[in-house]
Structure formats: structure tokens, C-alpha cells
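Hello,

Here is the model I promised to pass on to you. Please open it first, and then read my notes below.

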Amino acid sequence: MKIRELLERKTPFYLYDMTVLGKNLGSLKKAADHYGYKVHYAVKSNARLEILRKVKDYGFGVDCVSGGELLQSLKAGYTGSEIVFAGVGKSDDELRLGLKHDIFCFNCESLQELEVLAEIARHESRSARIALRIKPNVDARTHHYITTGLEENKFGIDFTELPEAMRIIESNPELNFQGIHFHIGSQITDLSVFRNLCTKVNQVLEWFRERSIKIEHLNLGGGLGVDYERPDSDEAKYEEFFGIFNDQLNLRAEQIHFELGRVITAHCGSLISKVLYTKSGIHTDFLILDAGMTELIRPALYQAYHKIENWSQSKAQSEYKYDVVGPICESSDYFGKAVRLPESKRGDLIAIRSAGAYGEVMASNYNLRERGEALFIN
Ligand code: PLP
């Protein structure tokens, strides 16, 4: 798409390149099929219908963490049998919704959730396929806000709670035990972490084998990170990632599932914005954009890095350093500090790259700002 056409649009908006998404899904499919693995796309990373439909075209299922995501997935054409439902705090209504659509699996995260789900299922004369989310106590070596597999994290049940969990399951015939679930965190770039996960998973599998409890499926969550410095790189490390599990897990007949989100959607989306003002401080020059933390909160929330480009001056040298900030009345409202860019002017088009995952889905109306539109290009 030509810069001129983009300049005519009201900014800020999200721009999704569906060709980039399609290529990425194609390589994921190839790698997953190679190992016979199933992938459920983590809807939380981007819940746009267009994206969900494209993911479905490649034969993947979905991983939901709320009733809203479940309904959005149904709207996109997924059936209950393609949906897994995780979440540490599923409400009674959300559990009922999952039961009504006879979803593939509830990933249960506490002993009490098991009891509540059984009670609701009994009341509704339904049964629930379930997996137990277990805390592997593996450090994901990522930002502490997106680390989820440690003992002190709120997610999942402790290994020591397994006997009690199985007792609850065995005494409630509405609960149909399918398997176990793990998810240790997001934006994991040190792949050795997944080797550590495999060691823990093998120990848990052994626990079940010793008791002759059959595991139908093993869900290993998501977490594979992306290279935010290189938004145009299309070599996600799927082969290497799946290869680790293939090499390290002691499997019998278990079906292996993954719930990838970020690595699928990050690079296909950019947040497009315009420079409202340029401003010189004593030591710092600022570019003040018309997009802010209301459109993309990741830098403010966990100091996340996004590559920033000036598409109006793309041929000029990046000789200036700017703090690129938004218009919101919060000092945390920034996209990048000391960003090297060409000399930039009011009205220039600025792209904040790799914003397809955990970007638009986290947008808010803070300061009563309007929500921007999304543009999909092929
Ligand atoms: N599965 C669960 C249970 C999650 O909590 C998350 C994200 O936090 C994901 C999958 C997706 O993770 P990612 O987008 O890093 O692949």
C-alpha cells in the first residue's frame, strides 16, 4: 500500500498484513504437521475476526481465556470441539458457556474450580472434558509480568495437590479427565527454558504412569518469543521449538498440543500514527504522536521494545534521536527512548512495528479517547 493512501486515513490505526500472517501460518503448519502436533491459537494475542478466520483456514484450533473470546471464536466459525478454555478465574457463566458448546477441554487451574465445574455440569446434565494445569516451577527468563509457571504465580495447581485433584475428578463422573496442561510464560527467547519444562513434564507424566492413569493429551502452552528488533524477519523458530519437545519428552500415545499466540500475530501488525508535534527539551527531542498507551500499552506496562520507523522519511538517514511519546497524561506513555530516526516533521507517518500481538486487544478508552479502526491488506 502506498504511503499517500495511508496518509489519507485517520490515524492512529492498526495495519495488518495478511500475507505476512498467511506465510507465518504456513510455516507453523508445516512444522507442526511434521511432528504430528496440534496448535490452538491463543486468541488473547489478537481477537480480530479476520485473524481468527485466517488461523482457522490453516486448520488450527483456538485457546480462549474468557467467555468473550469463546463467543468471538464461535462467531469466526470454530466449533466447540476446536476450543480449549484456560484461565485462573473462570466465572460460573463462562463455565456454563463452555459446557453448552461441549468444548474440547477446560484447562482447570484450582481444586475449587474442579468442584464448581462438576457441580454446574451436574446441574446442567452435561459432562466436561478437563485437563489439569500444573505449575512446573520453571523460570521462563522473561519479564516477570509475563512469567506464569513459578510456584508463586497464581496460575495452575501445585504438583503436591495432584492426589487431591485426582480424588475430586474420580468422585465426580461429570469430569472427564483428558490430560495435563502447562504454560510457563510469554516472549521466551531462550529456548533452553523449554528443555527445563520437558524435564518437569516427564516427572509429571511418570507420576501418572505409576498410577496407571491415562493421559490422552498433553498441552504445553505457548510462549515462543519473537525478535522485536527485526519485524520483517519471517523465520519463526518453529522447527527448533517443536524439535526440543520431540527430543526431550518421554511420550507414549499422548497427543501433543500447543497454544501459541504472540509468535503467530506479532509481526503481521503495525500501529500507524502521525507526528502531532516535534518538541525540543534541554537534553531530549520529542516526537509527540497521535497514538499513545491507549492504543499500545506494552512499552508502558513492561518496558517492551518495538521498532519505530518514519515511513514519510524512509529514504533519509537516521541521524536524530527522539523520545517517541504519546499524548496521554502519564509519563509512562512512551513508545521508545532515544530512538534513531530521520529528521521528523509534523504530519509524518510513524509505524510502530510488531504490534500485532497484545497490541489492539489491550487498547483502552482512557482519557475517553476513541478506538481506532483496523486496516487489513493482502
Ligand atoms: N496459553 C496460556 C494459558 C497463556 O496464558 C498464554 C499467554 O499468556 C498463551 C497460551 C499464549 O502465549 P504466547 O502468546 O506467548 O504464545
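How many salt bridges does the count come to? The count comes to 20 salt bridges, where a salt bridge is a side-chain nitrogen of Lys or Arg within 4 Å of a carboxyl oxygen of Asp or Glu.

Two notes on the source: this is a predicted model, in which local features need pLDDT of at least 70 and side-chain atom pairs count only at pLDDT 80 or more, while totals for chains, interfaces and linings use all residues. Residues are numbered from 1 along each chain as its sequence is written, and side-chain values use heavy atoms, with hydrogens and water left out.

Now to some of the pairs. Glu 164 and Arg 167 form a salt bridge whose closest N and O atoms are 2.9 Å apart. They sit three residues apart in helix α7 (residues 162-170), so about one helical turn separates them; helices (H or I, at least four residues) and strands (E, at least two) are DSSP runs, numbered from the N terminus. Glu 164 has a relative accessible area of 33% and is partly exposed, and Arg 167 is partly exposed at 43%. For these classes, buried means under 20% relative accessible area, exposed over 50%, and partly exposed in between, with a 1.4 Å probe and protein chains only.

Arg 209 and Glu 254 make another salt bridge, with 3.3 Å between the closest N and O atoms. This pair links distant parts of the chain, 45 residues apart: Arg 209 is in helix α8 (residues 192-210), and Glu 254 is in the loop between α9 (238-248) and β9 (255-258). Arg 209 is buried at 18% relative accessibility, and Glu 254 is buried at 11%.

The side chains of Glu 309 and Arg 353 also meet in a salt bridge, at 3.1 Å from N to O. Glu 309 belongs to strand β12 (residues 308-310) and Arg 353 to the loop between β15 (349-352) and β16 (374-377), so the pair ties together parts that are 44 residues apart in sequence. Both Glu 309 and Arg 353 are buried.

Leaving aside neighbours within four places in sequence, Asn 310 is in contact (heavy atoms within 4.5 Å) with residues including Leu 341, Pro 342 and Ile 350.

What surrounds the ligand? There are 14 residues around it, the closest being Ser 186, Gly 223, Glu 259, Arg 262 and Tyr 358; a residue counts if one of its heavy atoms lies within 4 Å. A polar side-chain atom of Ser 186 is 2.4 Å from a ligand oxygen atom, and a backbone N or O atom of Gly 223 lies 2.8 Å from an oxygen atom of the ligand.

Best wishes

Technical notes
Polar contact = N/O pair within 3.5 Å; in protein donor to acceptor, adjacent residues only side chain to side chain.
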